[in-house]
Amino acid sequence: MTDPADAGGLDRLIAERRAKADALRERGVDPFPATYEGRRDIGDARELGEPLPPGEGSDESLRIAGRVVARRGQGKMAFLDVEDHTGRIQLWARANQIGQESMAALLDLDLGDIVGAEGPVARTRRGELSLDLRGFTLLAKALRPPPDKHHGLKDPETRYRQRYLDLMADEEVRGVFRARAAAIAAIRRFLDGRGFVEVETPSLQPLYGGAAARPFVTHHNALDRDLYLRIAPELYLKRCVVGGLDRVYELGKNFRNEGVSYKHNPEFTSLETYEAYADYRDVAAMTETMVAAAAEAATGGTTVRFRDQEIELAPPWTRLDLRESLEQASGIDVRELPEAAALRDAMRAKGYEAADTATWPQLVDGLLSSALEPDLVQPTFLLDYPVELSPFAKRRPDDPAVVERFEAFAGGMEIANAFTELNDPDDQRARFAALVAEREAGDEEAPPPDPDFLAALEYGMPPTGGLGVGIDRLVMLMTDRTSIREVVLFPAMRSEASDGRDPG
RNA sequence: GGGCCGUUAGCUCAGCUGGUAGAGCAGGGGACUUUUAAUCCCAAGGUCGCAGGUUCGAUCCCUGCACGGCCCA
């Protein structure tokens, strides 16, 4: 009973694999050797063998390495499929070519093992491009079995908790994260090409701000002070502009202590850019061009399929006035109802949810989310927001109740937020005061005032256009994933159920 | 937060409104020198998410809990 080899299930499978590793060690073979010299990509081997006709092989040997993902045949001949990041190739092994002992060792390999293999590239009589195996080396023994070779890994919980298995089992999933990297790289190229400087500002902040959200709080022992994980880098990036870094951007994680949903993860990736002497209309033009470039890099084109709809990301995007669009969609002119109570009644009369405790800005935001956002499938800029919703945006010169701000939507999601930045320190101080009042009225998401940020503005910040982009949502759009968990490698999960099952 | 659904072998899934569970793949033994989800033979593998309840008897019915998915807020 104590010998796991007598047990069933996973323990037995692990024991069998361990026994093979131990047997190798006894023969003086390290099942986890450090190097494999002279390895080429499988893609290179395939390219080399491409011209070969069936039944012929190349003259020279080469070495490849990868994971054993399939196996066919036994006895005196065997075929093993090996996969690396450039592709898959069949190993064609014959006892009379590699010897009895080597053949026995080859048949001891398990699915999931990492091997190095050497031989000429050859095409079998059936036409399959292969490595005509002359020698191989176990490079890493897999002590646990991989997911099912045909059905892959379906259980969403396991896919997220053990993403390495999901990646291992599903090339398409690997493709999502390659597309993500390509989009981000394209954004960097785009901004670098326009003279933006990439900067890194604090993730651990003494004061948080730049967005409406509850923060994570942590403690620095040596400094003996509480610090907040940033909810946005905005106020630091504007300090950079004050200092003369006229075009800056930061790509990185923000942290918001709120619930998870198909479009919310507590840590998420954002891009923020600030450009001196630009306004929000310049920023809109840059945004549509940049997103199209990212889509091109990630997908090869600017038209993407998302939730069975075609979305054209190439410029120009539709530009709509927020107030007019809201009125058209909901029949409510929020500007005519400047009191929370009146707006709440109007919303309820039209069948929209409106919480008793919601402030006026929260109600407008809620109306936007339910009446307008879901229908904004093609990329759309909503322009000119009420000042109450936008504590860091500059008022329109012709209408001080409205700020120069847009949010960009696509696929029914908000993907970007931008404004002409408020650079009048006195107005900014008044906006902070309004936030304090909102906080006292019960809005826990209203951020606190930041005196040093006000001081920075008092030194003079040029007129500036700023932008924030939700990178995860952008990637969702470009890869047709309907949940943020599909585009974040290791999404936030609850603690696992403690029922004694082995998580790995 | 609410509603619906799910949790059975390492993986993918069956399991007939109650009688102590099956398949394919993977793994083990055997056969096989051109396979492509190789094929054939043999044997093995289970705390049916967890805890209660009802019942002579529960994977199945009921309650609670945990985790997850979808929808709504």
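Helix 1 (9-26) contributes the largest share of the surface near RNA strand B, six residues, where helices (H or I, at least four residues) and strands (E, at least two) are DSSP runs numbered from the N terminus. This is a predicted model, in which local features need pLDDT of at least 70 and side-chain atom pairs count only at pLDDT 80 or more, whereas totals for chains, interfaces and linings use all residues. Side-chain values use heavy atoms, with hydrogens and water left out.

At least two residues each also come from strand 1 (57-72), strand 2 (77-84), strand 3 (87-94) and helix 5 (156-161). In total, 44 residues surround the RNA, the closest being Glu 16, Gln 74, Arg 126, Glu 157 and Arg 485; a residue is near a strand if one of its heavy atoms lies within 4 Å of it. By class, 21 are charged, 12 polar and 11 nonpolar; Asp, Glu, Lys and Arg count as charged, Ala, Val, Leu, Ile, Met, Phe, Trp, Tyr, Cys and Pro as nonpolar, and the others, Gly among them, as polar.

On the RNA side, 69% of the atoms within 4 Å of the protein belong to sugar or phosphate, and the rest to bases. Among the polar contacts (pairs of N or O atoms within 3.5 Å), a backbone N or O atom of Gly 9 lies 2.8 Å from a sugar or linking oxygen of RNA strand B. A polar backbone atom of Asp 155 is 3.0 Å from a phosphate oxygen, and a polar side-chain atom of Glu 128 is 3.3 Å from a base oxygen.

Pro 315 and Pro 316 are joined by a cis peptide bond with omega of about -5°.

Methods. Residues are numbered from 1 along each chain as its sequence is written. Chains are lettered from A and ligands numbered from 1 in the order in which they are written. A polar contact is a pair of N or O atoms within 3.5 Å; within protein, one must be able to donate a hydrogen and the other to accept it, and residues adjacent in sequence count only if both atoms are side-chain atoms.
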